[in-house]
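Subject: Structure handover

Hello,

Please find the structure below. My notes on it come after.

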Amino acid sequence: MSRLLRDITLLPLLTLLMITPLMAADGDLVKIEAKASTNEIVESLKKQLAEQRFKVFSVYDHGDANSVKKVIAFGKSNQNARIMWHDPAAGLELPLKIAVFQDDVGTRVIYRKPSSLRSTYSLEDCRLLDDLDQIFAQLVQQAVQ
């Protein structure tokens, strides 16, 4: 892919990152502070995922008396198959997940960029991961607004 084409492709994502002051990326881990509650964000994510034809496999509740912690596991079977075609071991990371939690500090949404799987598995040629990075960023940004 040419550098110009890559830069044009990345422009919407970079714009999204620049207009979101409460978003921080720690390598491949994206952390976003939110004003809405965990349950509101989870419901928004579930609705958006359904609209984009992702299947929500499960919402795990890891909370306790002092905090609310939820993890949404979701995906599309055909996308998972495409990822695993490149490296079947990548199936250990599927379905993809987004964590939402709330404690005395506030509400945060955390996810690992799907493209980060390249550093662990043989997925150098799997362009789907870049598309999923953008989809994750858009889903989460809409959910925290």
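Predicted model: local features only at pLDDT ≥ 70, side-chain atom pairs only at ≥ 80, totals over all residues.

Residues are numbered from 1 along each chain as its sequence is written, and side-chain values use heavy atoms, with hydrogens and water left out.

Overall layout

The protein has 4 helices and 6 strands; helices (H or I, at least four residues) and strands (E, at least two) are DSSP runs, numbered from the N terminus. Read from the N terminus, the order of elements is α-β-β-α-β-β-α-β-β-α. The protein has 145 residues, of which 39% count as buried. Here buried means under 20% relative accessible area, exposed means over 50%, and partly exposed is in between, with a 1.4 Å probe and protein chains only. Among contacts with a separation of 6 or more, 60% are between residues 24 or more positions apart. A contact means heavy atoms within 4.5 Å.

The α3 and α4 pair

Two packed helices are described by the angle between their axes and the distance between the axes. Helix α3 (residues 77-86) and helix α4 (residues 128-144) have axes that come within 10 Å and cross at roughly 135°. That makes α3 oblique to α4. Axes are lines fitted to C-alpha atoms, for helices over the stretch in contact, and angles run from 0 to 180 degrees between N-to-C directions. Angles under 35 degrees count as roughly parallel, over 145 as roughly antiparallel, 65 to 115 as roughly perpendicular, and the rest as oblique.

On the α3 side the contact involves Gln-79, Arg-82 and Ile-83, which meet Leu-128, Leu-129 and Leu-132 of α4. By type, the residues of this contact are 4 nonpolar, 1 polar and 1 charged. Ala, Val, Leu, Ile, Met, Phe, Trp, Tyr, Cys and Pro count as nonpolar, Asp, Glu, Lys and Arg as charged, and the others, Gly among them, as polar.

Buried residues

Ile-98 is in strand β5 (residues 96-103) and is buried, with a relative accessible area of 1%.

Ile-110 counts as buried at 18% relative accessibility. Beyond its neighbours within four places in sequence, Ile-110 is in contact with Leu-29, Val-30, Lys-31, Ile-98, Ala-99 and Phe-101. Ile-110 and Glu-33 are 77 residues apart in sequence and 8.9 Å apart in space, C-alpha to C-alpha.

Thr-38 belongs to helix α2 and counts as buried at 0% relative accessibility. Not counting residues up to four places away in sequence, Thr-38 touches Val-68, Lys-70, Val-100, Phe-101, Gln-102 and Thr-107.

The loop between α2 and β3

Gln-52 sits in the loop between α2 (38-51) and β3 (55-61). With a relative accessible area of 32%, Gln-52 is partly exposed. Its contacts, leaving aside neighbours within four places in sequence, are Lys-76, Ile-135 and Leu-139. Gln-52 and Leu-139 are 87 residues apart in sequence and 9.8 Å apart in space, C-alpha to C-alpha.

Arg-53 lies in the loop between α2 and β3 and counts as exposed at 73% relative accessibility. Arg-53 is not a glycine, but has a positive phi of about 65°. Most residues other than glycine have a negative phi, and most peptide bonds are trans.

The peptide bond from Leu-94 to Pro-95 is cis, with omega near 5°. Pro-95 is in the loop between α3 and β5.

Pro-95 is also one of the residues that lie nearest the centre of the second largest pocket, together with Glu-93, Leu-96, Lys-97 and Arg-112. This pocket holds about 200 Å³ of space and is lined by 15 residues. On a 1 Å grid over the protein atoms alone, a pocket is an open set of points where a 1.4 Å probe fits, with protein on both sides within 12 Å along at least five of seven lines, and lining residues have an atom within 4 Å of a point. Grid points are joined across faces, edges and corners, and a volume is the space filled by probe spheres set on the points.

β5 gives the largest share of the lining, 4 residues, and β5 and β6 (106-112) each supply at least two. By type, the lining divides into 10 nonpolar, 1 polar and 4 charged residues.

Regards
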